[in-house]
Amino acid sequence: MNSYYVDYLKGARKSENTIKSYTNHVKLMLNAIGKPETEITFFDMVRWQSSLENKSTSTVHTKVVAAQDYFDFLVNAHVISENPAKGLVTAKVVNKKKPDPEDGMVRQLINCARGKRDKAMMIVFATTGMRFDEATSVTIEQYNQRRFTIIGKGNKAREIYINDEAKAACDEYLATRTDNSNLLFVSGRGNHISNSNWCQGIKSCARRAGFECWKEITPHWLRHAFATAASQQGIPVADIGFALGHSDYAKVTSTYIHTPQTKVVDIMRDIKI
């Protein structure tokens, strides 16, 4: 894989997880084809895609998109003249509707958490509305400030506040840590948490909680739960969107409503899950 591709993705403001995902898919693709990039043809890409027949539709789509992006980069860099993956077609990915967080579901999920880290993470997700990449990039230094700024999707900055319940859970978790990582949440080995592992952990917890829809419960579902809880507590939609870092809502608030950061902090401080 071309060593400049990672720099290209960073320059395009791709998230850390996206960069890891794309580079991993590209490396696997190149290893499977077994040719230099300059010799890969469309027929090589067709054969590679056909070898993915046992993968899910969404997985194949992600792998093809990563391959197309990589070869687009090589075309722009004048390493190759044409993108051999350009003509690949994937089945349409149908996104299943996430179940709406009903009364007591979030608390039930938290109560079924295994370990202090998982409990603390669930509470932080549900009381701040942070995305996975955002929450797993928070440092202990930021956490100790309790109120801090993160850079979210689209390079947008917003305030985060750790409320009393989340702080109590995080303090209990941090008291068990023996690693030297500066991240608030880490894996059992003190490394950055894998998105796939955390997703599986959330689903397993939902299954223990007895949710019929446990397969559809994800970290993003907890972000949705934050928005639902805030809405039920009478918080205006525009303010919720601002707290979540939604670009569409940000446009609305910047045009019609001024939402100060102190108001966002109030939402996270007083949220009831």
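## Close-up views of a predicted model

**View 1. Phe185 and its surroundings.** Start here with Phe185: setting aside neighbours within four places in sequence, this residue is in contact with Arg117, Ala120, Met121, Val124, Ala135, Cys170, Tyr173, Arg177 and Ile193. As you look around, please keep in mind that the model is predicted. Phe185 also belongs to the largest nonpolar core, which has 41 residues. Leu109, Met122, Trp198, Phe211 and Leu222 are listed with Phe185 as the residues with the most contacts inside that core. Helices α5 (105–111), α6 (116–128), α7 (132–135), α9 (164–174), α10 (195–208) and α11 (219–232), together with strand β1 (147–151), each give two or more residues to this core. The top contributor is α6, with 7 residues. Elsewhere there is a second, separate core of 23 residues, and Ile19, Tyr22, Ile40 and Ala85 are among them.

**View 2. The whole chain, for orientation.** The chain holds 14 helices and 2 strands, and 44% of its 273 residues are buried. Of the contacts between residues at least 6 apart in sequence, 63% join residues at least 24 apart. The chain exposes about 15000 Å², with carbon and sulfur atoms supplying 49% of that area.

**View 3. The β1–β2 hairpin.** Strands β1 and β2 run antiparallel and are joined by 5 bridges. Between them lie 5 residues, and Gly154 in the turn has a positive phi of about 75°. Strand β2 (residues 157–161) is mostly covered, with 4 of its 5 residues buried. What is the bridge partner of Thr149 in β2? That partner is Glu159. Glu159 also forms a salt bridge with Arg147, where the closest N and O atoms are 2.9 Å apart. Because Glu159 lies in strand β2 and Arg147 in strand β1, the pair ties together parts that are 12 residues apart in sequence. Glu159 counts as buried at 14% relative accessibility, whereas Arg147 counts as partly exposed at 36%.

View 4. Glu134 is found in helix α7. Is Glu134 buried or exposed? With a relative accessible area of 7%, Glu134 is buried. Apart from neighbours within four places in sequence, Glu134 is in contact with Ile150, Gly152, Lys153 and Arg158.

View 5. The whole structure contains 11 salt bridges. One of them pairs Lys116 with Glu172, the closest N and O atoms being 3.3 Å apart. Lys116 sits in helix α6 and Glu172 in helix α9, so this pair ties together parts that are 56 residues apart in sequence. Lys116 counts as partly exposed at 41% relative accessibility, and Glu172 counts as partly exposed at 45%. Asp179 forms another salt bridge with Arg177, with the closest N and O atoms 2.5 Å apart. Here Asp179 is partly exposed, with a relative accessible area of 27%, while Arg177 is buried, with a relative accessible area of 17%. Salt bridges with shared partners also join Lys35, Asp44 and Arg47 into one network.

**View 6. A nonpolar patch on the surface.** Which residues form the nonpolar patch on the surface? They are Phe42, Phe43 and Val46, with about 300 Å² of accessible area together. Phe42 is placed in helix α3 (residues 42–50) and counts as partly exposed at 37% relative accessibility.

View 7. Most residues other than glycine have a negative phi. His78, however, has a positive phi near 65°. His78 lies in the loop between α4 (57–76) and α5 and is exposed, with a relative accessible area of 73%. Arg146 has a positive phi of about 70°, and it is found in the loop between α8 (140–145) and β1.

View 8. Trp221 is in helix α11 and is buried, with a relative accessible area of 0%. Trp221 and Ala126 are 95 residues apart along the chain, with their C-alpha atoms separated by 8.9 Å. Gly241 lies in helix α12 (residues 237–244), and this glycine is buried, with a relative accessible area of 0%. From C-alpha to C-alpha, Gly241 and Gly129 are 10.0 Å apart in space and 112 residues apart in sequence.

How values were computed. Residues numbered from 1 in each chain as written. Predicted model: local features only at pLDDT ≥ 70, side-chain atom pairs only at ≥ 80, totals over all residues. Heavy atoms only, no water. Buried < 20%, exposed > 50% of the residue type's maximum accessible area, 1.4 Å probe, protein only. Contact = heavy atoms within 4.5 Å. Areas by Shrake-Rupley, 256 points an atom, 1.4 Å probe, with all protein chains shown as cover. Patch = residues over 30% accessible without salt bridge, like charges linked within 9 Å, V, L, I, M, F, W, Y side chains within 5 Å. Salt bridge = Lys/Arg side-chain N within 4 Å of Asp/Glu carboxyl O. Core = buried A, V, L, I, M, F, W, Y, C linked by side-chain atoms within 4.5 Å. Pairing = 2+ DSSP bridges.
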